Amino acid sequence: MGTLWYGGTIYTMQEEDHQVEAVFTQADKIIELGSIQSLEEKYGQEIDNRMDLQGRTMLPGFTDSHMHLIGHGERLIRLDLSNCTSKESVFEAIQQYAENLEEDEWLIGEGWNENLWAESNPIISAELDALVPDHPVILKRVCRHALVANSLALKAASIDENTENPAGGVIERDEFGKPNGLLKDQAQELVFDVLPEVSEAYLKKSLRAAIKDAYKLGLTGTHTEDLNYYGGYEKTFQAFKQVIEKEEQLFRAHLLVHHEVVDEMKKAGQHFLSGNEWIEFGAMKIFSDGALGGRTALLSHPYADDPSTSGIAIFSQQQLDDLVKKARDYKLPVAIHAIGDLAFEMALNAIGKYPLTGGGRDRLIHAQILRKELIDRSKNLPLILDIQPRFLASDFPWVIDRVGEAHMNYCYAWKTLLNEGLPCAGGSDAPIEPLNPFLGIHAAVTRTNINDPERTVYNQHEALTTFEAVCLFTKGSAYAASHENDRGMIKEGFLADFTILEEDIFKIDPDKIADIVVAQTIIGGSIMYDSQTKESHSPIW
């Protein structure tokens, strides 16, 4: 028995503007596309459910190609500083949150961003000490490549004036050489190592919150990297299985595996694309540099607004080469975080030295600061670029002053990448950016920030069409995970994953894309979200 979907605008995404009148599904698969009449005539005896779209727009299920699912859930359930537009508002939020802390409990906050403040001076430990003298405090910057800790947290991590910078990290200091609380990239691990162990209940609570939020945003799945941060591979993996499979919070999770836990994955008998329809394993994740916000993204030239640094290499070229070789020994593709152009170059060097021989394809994540020769080199490799369009709205205009206008010709250059034939996938990098895919699509199409009253357009020639932008979150994400033959389009034999919108995303004013409302989210033929009831449903088949 099966379901007939009809009564709206159904875009298959097979080609631009390709539409069908109706879709027939059985269980979790698309069986056939066609007219209502032809499908009624052929499957009439098998149709036991008819889903009238009531004029809405149906698309293939959206998938976020790069985020941190548990991290997004954490942002939803604990102190969120991402909307604070001044240091004073951060301090106020901290004081209010601290009032409800238990004795000896750490205060952990997310998302502060000094670039949103009138005076962009970062927070330091002395300021936190004055606000919260009795609890260890760490506040993660929005990029998650920097944090600020108070004195109690620094003491717990044994960080003082004699502590040396760890490889790939920076302990910032005041004029007297004492740590000022700011820890960048690998230096953050000194504090993370002494945090109280995260409970299984906390992990499951975070996952539930994240998945329910994803449903509301039309997401049917994600590529996520979480396995190295919450007490180890097995504990985190079991939390995914408990929530998605046993509790039936159905969601397609493609797990990137941090290089520090890849041995555990292999020891458990897993391999590339092992798992099941809900949870599967992907590429080995490697960080090659930091982020632009903290000037730790690795550039081939000094930062224009701070010539004393050109960023941080998390690994030397030899170390990066060795990690890629390890992935190849395990028959894994790699997913390398590379924001700066020198980090991107080092990643290309490593995957060029040790080419992919197994299944899948390599991905370079972010690819924000590039040069023409790097784009040309990329075209000769079996890889995909995993981009986050929403970064444009957050990073401009300050990124121009930071990187230097002379070096911006191939930065956030998504149209150029597509025109050069480089496949791209679209993600949010939540919780660093909002999970909402329509914010990313809006930024890709308009090259503006919705919060900018002047609607300044940055590099109009790099704007994508709406079709190209939607492809990032449908066909692009499917291709990145080697699922181009069963996900990302409405097509016979593909999964019955659909994102149903109240508006036609291809017909509305592009500036209104960010406000699109999701009507329903369908995963494997099941209605997991309905805007009218605000609840998940049982399978309709």
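Predicted model: local features only at pLDDT ≥ 70, side-chain atom pairs only at ≥ 80, totals over all residues.
View 1. The side chains of Glu127 and Lys87 form a salt bridge with an N to O distance of 3.2 Å. Glu127 is partly exposed, its relative accessible area being 23%, whereas Lys87 is buried at 12%. By the rule applied here, the model contains 37 salt bridges.

**View 2. Arg144 and Glu110 form a salt bridge between a loop and a strand.** The N to O distance between the two side chains is 2.7 Å. Arg144 is located in the loop between β11 (137–141) and β12 (146–149), and Glu110 in strand β10 (residues 107–112); the pair links distant parts of the chain, 34 residues apart. Glu110 is buried, with a relative accessibility of 3%, which places this residue under the 20% cut-off. Salt bridges with shared partners connect Glu74, Arg78, Glu110, Lys140 and Arg144 in one network.

**View 3. Lys353 and Asp321 form a salt bridge between two helices.** The closest N and O atoms of the pair are 3.6 Å apart. Lys353 lies in helix α11 (residues 341–353) and Asp321 in helix α10 (residues 317–329), so that distant parts of the chain, 32 residues apart, are linked. Lys353 is partly exposed, with a relative accessible area of 45%. Asp321, in contrast, counts as buried at 5% relative accessibility.

**View 4. The largest pocket is lined by 49 residues.** The space in this pocket amounts to about 1,400 Å³. Lys140, Phe192, Leu195, Tyr229 and Tyr230 are the lining residues that lie nearest the centre of the largest pocket. Lys140 also belongs to the salt-bridge network that includes Glu110 and Arg144. At least two lining residues come from each of α2 (69–77), β10, β11, α6 (189–192), α7 (200–216) and β17 (279–287). By residue class, the lining of the largest pocket comprises 20 nonpolar, 13 polar and 16 charged residues.

**View 5. The second largest pocket has 34 lining residues.** Its volume is about 720 Å³. Asn113, Leu116, Ala393, Ser394 and Glu433 are the lining residues closest to the centre of the second largest pocket. Helix α13 (residues 390–395) gives the most to this lining, contributing five residues. The lining of the second largest pocket consists of 13 nonpolar, 14 polar and seven charged residues.

**View 6. Helix α2 is mostly covered.** Of the nine residues of α2, seven are buried: Leu69, Ile70, Gly71, His72, Gly73, Glu74 and Arg75. These buried residues pack against β8 (62–67), β9 (79–80), β10, α7, β15 (219–224) and α8 (233–246). Helix α2 also supplies at least two residues to the lining of the largest pocket. Glu74, one of the buried residues of α2, takes part in the network of salt bridges that includes Arg78 and Lys140.

Key: Residues numbered from 1 in each chain as written. Heavy atoms only, no water. Salt bridge = Lys/Arg side-chain N within 4 Å of Asp/Glu carboxyl O. Buried < 20%, exposed > 50% of the residue type's maximum accessible area, 1.4 Å probe, protein only. Helix = DSSP H or I, 4+ residues; strand = E, 2+ residues; numbered from the N terminus. 1 Å grid on protein atoms, 1.4 Å probe; cavity = no way out; pocket = protein on both sides within 12 Å on 5 of 7 lines; lining within 4 Å. Points joined across faces, edges and corners; volume = space filled by probe spheres on them. Nonpolar A, V, L, I, M, F, W, Y, C, P; charged D, E, K, R; others polar. Contact = heavy atoms within 4.5 Å.
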